[in-house]
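Trainee: I would like to go through the aromatic contacts of this protein. Could we look at the model together?
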Amino acid sequence: MPKSSIKASSVDVGVDVVIVGAGFSGLYLLHQLRKQGFSTRCFERGDGVGGTWYWNRYPGARCDVESMQYSYGFDDKLQQEWNWPEKFSGHADIRAYADHVADRFGLREHIDFETEVCAAHYDEGLRLWRIETSAGEKVSARHFVMAGGCISTAQIPKFEGLADYTGKTYHTGRWPHEPVSFAGLRVAVIGTGSSAIQAIPVIAEEAAHLTVFQRQANFTIPSRNHPMTADYANSWKSGYAEKREEMRYMPNGVLRELNDKSALEASEEERLATYEERWRMGGSGFLGAFNDILTNREANDTMAEFVRDKIRQTVKDPVTAELLCPKTHPIGTKRLCVDSGYFETYNRDNVDLVNISQTPIERLTPDGLMVNGRGFTLDAIVFATGFDAMTGTLFNVDIRGRAGLELKSKWAAGPRTYLGLMTESFPNLFMITGPGSPSVKSNMITSIEQHVDLVADTIIHMRDQGLAVIEPEHSAEDEWVDHVQEVAYKTLFPQANSWYMGTNIPGKPRLFMPYIAGVGRYRRICEEVVGEGYKGFRFEAEQALAAE
């Protein structure tokens, strides 16, 4: 295999750093690097900033982390001036925030919009990355940073007959930017994951009829969303610095009340009272009711049955209620959803639930789809079928490291990283919240800020010390990969067929991709690595480059 198919003579522009993506990772990294005097190029395939929230505009889309915490903490003036309208922000408000950040810090003019990075090949002779874009431009860079997000590559199942279907089709992760009306239409939603659980109640209010096709039932907790109050916002703004610092060492990068007591040590009366109180509070903090929910199946079963009883109490039809009761995985081991009236929606006369766990969708037809020999006539189909998470966006770019090694080939049996930050044989390639870091099992902005700061500080360190190359040591990477799996298998997470394990993508290797030991523990490990002279990394000096 050739070392690079991007010829050196065709490279036109050289910069210190190329960044892929203008979501919350790319925006903050661009700000940090430009502030330090580095030359940059940032490429974004959309025509605006916001990353995940640029694409996720489906009905009901909103964040499941509280607004006051799902925001940047690097600039106090930004924290103080921005006002969130709701406890849990909707997609439009999050995009407005991203736009504000881009404009406030003058970042937009430094981003190439509607431009994808197609290939990035490492030139060992010159120790730089050669990058090619969808616009045909070729750029060289010392450092290459993938900041494209963990859940940004939409997954559409390859249904037979899809090309023959004549109605409208949508994917929750690629929603149109113009308004979509379902008024008077017969609509299907395929999937009952997080995006479906948010979209279904809103679509049901508008559609003439909604049919939900469910493969696996999911646990979801009421959000109890409400307009932001001045008192609550001020309680954060008056002490943001202290709260942010505490968040950075919390298990999920979120400030919430944790109960350091086993569910099995509590009496049944105490357990039920605790669950009831958390249910009334709403939000994913429900999982913090006891300290062993995610490590002890017996403890987990007590919480799971409490939620199943809530479903049975809410959904009037007992058959439908039982279908909506998750029984295939422990609660919390798939993404715990946060909803607004999800289960109540199934009490509407215009909503039906179809179980496809045993009899999958056979095919699409020109006017709908078929399940178990039964035809459904549909004017529109919404695919809420998720993403090729963690690795999909990385694999969308033809990334090749030393000796032309393809990233896809190296990761054929699953992602291999050191700290979820870098991978051996790919020098100066950084991944923001990559596989093997807390990433999707955390408040993403908390983890993004930590990773961006680490990457920026590392590039500054290399400049100051005259270092040309950083790369993980093979042994350090092996130890980290083993550690990530060892920690995961001490929990209940591997018992679920989840996208954390890659099970939603046919042929994808099955292993737990995020680092589950916690944001605080991970941060301390990174601090130790840097404090010990970047333990587990090796550097090459600028002088050696000049000599060659």
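Mentor: Let us begin with a term: a residue is called buried when its relative accessible area is under 20%. Please keep in mind that this is a predicted model.

Trainee: Understood. How many aromatic pairs does the structure hold?
Mentor: There are 39 aromatic pairs in the structure. One of them joins Tyr 275 and Phe 306, with ring centres 5.5 Å apart. Their planes stand at 50°, so this pair is classed as tilted.

Trainee: Where in the chain do Tyr 275 and Phe 306 lie?
Mentor: Tyr 275 belongs to helix α8 (residues 268-281) and Phe 306 to helix α9 (residues 297-314). The two residues are 31 residues apart, and their pair links distant parts of the chain.

Trainee: Are Tyr 275 and Phe 306 buried or exposed?
Mentor: Both Tyr 275 and Phe 306 are buried.

Trainee: And what about Trp 480 and Tyr 515?
Mentor: They form a tilted aromatic pair, 4.9 Å from centre to centre with 40° between the planes. Trp 480 is in helix α14 (residues 474-488), whereas Tyr 515 is in the loop between α14 and α15 (519-531), 35 residues apart.

Trainee: Why does Trp 480 count as buried?
Mentor: Trp 480 counts as buried because its relative accessibility is 7%. Tyr 515 is buried too, with a relative accessible area of 1%.

Trainee: Changing topic: which charged residue sits over the ring of Trp 55?
Mentor: That is Arg 174, whose charged end is 4.8 Å from the ring centre. Arg 523, in turn, lies over the face of Tyr 249, at 5.6 Å from the ring centre.

Technical notes. Residues are numbered from 1 along each chain as its sequence is written. This is a predicted model: local features need pLDDT of at least 70, side-chain atom pairs count only at pLDDT 80 or more; totals for chains, interfaces and linings use all residues. Side-chain values use heavy atoms; hydrogens and water are left out. Rings of Phe, Tyr and Trp (its six-membered ring) pair if their centres lie within 6.5 Å; planes under 30 degrees apart count as stacked, over 60 as edge-to-face and the rest as tilted. Helices (H or I, at least four residues) and strands (E, at least two) are DSSP runs, numbered from the N terminus. Buried means under 20% relative accessible area, exposed over 50%, partly exposed in between (1.4 Å probe, protein chains only). A charge sits over a ring if NZ of Lys or CZ of Arg is within 6 Å of the ring centre and within 35 degrees of the ring normal.
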